Amino acid sequence: MSANTLKLILVSTPVGFLGSGKGGGVEVTLMSLIKGLLDLGHEVTVVAPEGSVLPSGCSGAQLREVAGEAQPSWQHQNASSPMLIPPDGVLPKLWKHALELGKTADAVLNFGYDWLPIWLTPRVTVELFHLVSMGDVSDVMKTVVSELSETHHFRLAFHTYRQASDYELIRDPVVVGNGFDLKNYDLQLRKNGPLGWAGRVAPEKGLEDAVEVAVALGDRLLVWGLIEDQDYAVYVEQSAPPGTIDWRGFLPTSDFQEQLGTCRAFLNTPKWNEAYGNVVVEAMACGVPVIAYDRGGPGELINSGVSGWLVEPDDVRAMILATARAEEIDRRICRSWVEESASQEGFTRRVLEWILTGISQNQSGRGN
Ligand code: HBI
């Protein structure tokens with residue numbers, strides 16, 4: 001490690017190549033951090049599944065593509081599912097590369113939500129750090145995170161305190177939030193647009209509740225996102241009068257934010273403990289007040305009555321009443337919160353603080 005530049009290895013999620021969208025929020029987080037680190041002059045190498053591409057703003061990073069079978073997503077398994085390694089699995093191959101590259105780097109940062117890299121951490125000299133990207137969805141993950149907290153607590157970081165509270169940690173969690181390149185989001189101030197909703201179209205995201213709100217208020221609902229569960233999408237479409245839902249698909253950020261910014265309110269209806277809530281922050285970055293269930297990450301990002309409204313989880317009636325009050329929110333306050341708390345620069349600074357603390361802990365021999 002030279003005076004103030006670090007050589008860092010960033011390891012992506014094994015569920016799909018970067019750019020496939022399969023990594024969901026992890027892709028946004030990883031791209032934002034790569035750019036933030038490069039802007040500060042650090043040396044970045046990304047280890048990711050074959051087929052991965054880095055956006056133009058990240059061309060200063062080295063990319064190491066690794067071939068292998070994608071890792072099954074924890075989202076499609078249940079809490080008691082075993083840790084699976086498919087034949088020719090990309091996960092062990094990613095970590096064979098990462099440990100080799102890590103020998104001549106200052107640290108290795110893991111963005112995947114998997115058992116292997118966390119289990120390896122106390123057993124290798126390379127310094128591995130993990131940004132845990134989901135709430136507690138798996139027993140084997142919950143256990144291995146708790147075990148690492150006991151011996152190397154500072155190697156773990158989380159997006160929100162709500163998310164971290166799913167895990168048994170020996171001391172307060174390191175919480176780094178998330179970060180967005182705000183040059184990509186334009187503040188829009190009009191107040192009489194439609195309602196909006198965005199996310200993977202799947203049951204754990206609760207789209208049907210947002211549709212119920214739109215029907216009750218006689219509003220159109222613009223819906224952006226990958227239709228992950230076709231049957232669920234058909235069920236939701238049929239639950240409302242034709243024309244209520246305006247399906248917009250999964251768009252590039254520039255188109256998504258331009259349409260998103262026209263909404264008078266954005267509805268967030270998670271049925272599970274979202275670790276952070278990227279789409280909530282993207283809406284606020286465009287000046288759109290968010291009406292959200294007070295559940296998981298989004299409940300920590302919104303100051304109810306000031307930058308949006310929080311309602312009792314699954315209480316559709318309360319969401320209808322709050323959505324009718326969206327105009328009371330000053331859209332500029334939504335934007336200024338994002339600038340203060342979720343910018344790419346701020347996120348990068350918090351991640352560097354975490355890594356440098358972890359490295360210094362290791363040098364002083366104190367794992368915790
Ligand atoms: N499942 N096994 C596994 N590994 C991941 O890295 C992973 C996942 N499911 C979802 C996911 N990552 C990301 O989409 C979320 O962490 C955001």
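**Entry 1: Ala79**

I began with Ala79, which lies in the loop between β3 and α2 (90-102); helices (H or I, at least four residues) and strands (E, at least two) are DSSP runs, numbered from the N terminus. I am working with a predicted model, where local features need pLDDT of at least 70, side-chain atom pairs count only at pLDDT 80 or more, and totals for chains, interfaces and linings use all residues. Residues are numbered from 1 along each chain as its sequence is written, and side-chain values use heavy atoms, leaving out hydrogens and water.

Ala79 has a relative accessible area of 37%, so I noted it as partly exposed. Buried means under 20% relative accessible area, exposed over 50%, and partly exposed in between (1.4 Å probe, protein chains only). What does Ala79 touch, not counting residues up to four places away in sequence? I found Val137, Ser138 and Asp139, where contact means heavy atoms within 4.5 Å. I also looked up Lys103: Ala79 is 24 residues from Lys103 in sequence, and their C-alpha atoms are 34 Å apart in space.

Next I found Arg64 in strand β3 (residues 62-66). Arg64 is partly exposed, at 31% relative accessible area. Leaving aside neighbours within four places in sequence, I listed Thr45, Val46, Val47, Ala48 and Leu101 as contacts of Arg64. Between the C-alpha atoms of Arg64 and Gly179 I noted 24 Å, with 115 residues separating the pair along the chain.

Val124 sits in the loop between α3 (115-120) and β5 (128-132). With a relative accessible area of 24%, Val124 is partly exposed.

**Entry 2: α6 beside α7**

I then turned to helix pairs. Two packed helices are described by the angle between their axes and the distance between the axes. For helix α6 (residues 207-217) and helix α7 (residues 230-238), the axes come within 10 Å and cross at roughly 15 degrees. Axes are lines fitted to C-alpha atoms, for helices over the stretch in contact, and angles run from 0 to 180 degrees between N-to-C directions. I therefore wrote down α6 and α7 as roughly parallel to each other; angles under 35 degrees count as roughly parallel, over 145 as roughly antiparallel, 65 to 115 as roughly perpendicular and the rest as oblique.

Which residues make the contact? On α6 they are Leu207, Glu208 and Val211, and on α7 they are Tyr232, Tyr235 and Val236.

**Entry 3: α6 beside α11**

The axes of α6 and helix α11 (residues 316-323) come within 9 Å, crossing at roughly 55 degrees. That makes α6 oblique to α11. From α6, the contact uses Asp209, Glu212, Val213, Ala216 and Leu217, while α11 brings Val316, Met319, Ile320 and Thr323.

**Entry 4: the cores**

Last, I looked inside. A nonpolar core is a set of buried Ala, Val, Leu, Ile, Met, Phe, Trp, Tyr and Cys residues joined through side-chain atoms within 4.5 Å. Which residues touch the most other members of the largest nonpolar core? Among its 55 residues, they are Leu207 and Leu221. Helix α9 (residues 278-285) gives the most to this core, with six residues. Apart from this core I found another, of 31 residues, including Ala61, Ala157, Val176 and Ile355.

I followed up Leu207, setting aside neighbours within four places in sequence: its contacts are Trp197, Val201, Leu221, Val223, Tyr232, Val236, Trp247 and Thr269.
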